[in-house]
Amino acid sequence: SGSNFTTTAMYTMRRAACLSARACVAFPLVKVHFSGRSIRAVGALMCGSVYAGGSFQKPTNLETIRDEPQCIAIGDVVPVGERGEGAVERLGDMDMYVVGSGERAIVLVYDIFGFASPNMQRNCDLLAAAGFLVVMPDFFRGSGRGKPGFERPDSAVVDAELLEKVVPFVKAKGAMSIGIVGFCFGGGMAMRVADSGAFNAVGGIHASGMASPNGELLASKATVPFMLIQGKNDPSLEPVAKIVDDKSSNDCVLRQFYDQKHGFCGASGDRVASAGVRAAVEDALNTTIKFFDQ
């Protein structure tokens, strides 16, 4: 805590939301891994796989999980909800959604649907409510999947903008330590800059670009603690877990939600109508807060 992200191992007991679409699971949150030996699952679904050091504990009564990267199909409905409580500031030709204050900052990078998503703005607000200055840059300049003429920008271009424009913007607001968390497109970006020296910790939620062997390469290059929370049809985190073991890293968090598809915590996750999605979003964001809060 304080003005930097420490990496002290800390055990915290909590219970996932018990809803009809989601089983109750008690687990110790460990600033390293989630101990599979302490898992207690009730019903047919487990909230997420739990890294037990050397192996992944998977539900035994679910269909085989595909390891290919999966993206939300064009045409998926992006739920309509309330806009966030933050302010939109301008950095050159780029909008910046800014909410919260303080010396600890999190840069949040949205998914492929872009800047205007109510879900993404709410994610920013929830992280800010936990005590962080949160900044979400608009790398797509008002565009995104489903909008005419949208083309996914080159990774090298957006990575450079992040490091050369966004990071100084955040520091100018008084940030003494900076983390980054990204969703899908943004999760891959967060992992790519895990060795840049610009961030104290990085995280990806249903992060893109984690299929083998790229996932292992990004994990092996990371020089700061990282968190990965993946959906059931995202690439398996087992290869990354082996890298974490080999590095003897005791400050990474790896979770795979086998009852949620890719995108559940992003723009297209229907947290308004689905109690299961709401519970998963709360679970994932609580994990994110605790990861950056240590």
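A salt bridge here is a side-chain nitrogen of Lys or Arg within 4 Å of a carboxyl oxygen of Asp or Glu. You are looking at a predicted model, in which local features need pLDDT of at least 70 and side-chain atom pairs count only at pLDDT 80 or more, while totals for chains, interfaces and linings use all residues. Residues are numbered from 1 along each chain as its sequence is written, and side-chain values use heavy atoms, leaving out hydrogens and water.

**Stop 1: the network.** Select Asp93, Arg141, Glu161 and Lys165, which salt bridges link into a network. Now zoom in on Glu161 and Arg141: their side chains meet in a salt bridge at 2.7 Å, N to O. Glu161 belongs to helix H2, whereas Arg141 is in the loop between strand E9 (133-137) and H2, 20 residues apart. (Helices, H or I with at least four residues, and strands, E with at least two, are DSSP runs numbered from the N terminus.)

Is Glu161 buried or exposed? Glu161 is buried, at 12% relative accessibility; buried means under 20% relative accessible area, exposed over 50%, and partly exposed in between (1.4 Å probe, protein chains only).

Stop 2: Lys165 is partly exposed, at 38%.

**Stop 3: another pair.** Select Glu89 and Lys173, a salt bridge with its closest N and O atoms 3.0 Å apart. Glu89 lies in strand E6 (residues 87-91) and Lys173 in the loop between helix H2 (155-172) and strand E10 (177-183), 84 residues apart. Glu89 is partly exposed at 28%, and Lys173 is partly exposed at 34%.

To keep exploring, note that the whole structure holds nine salt bridges.
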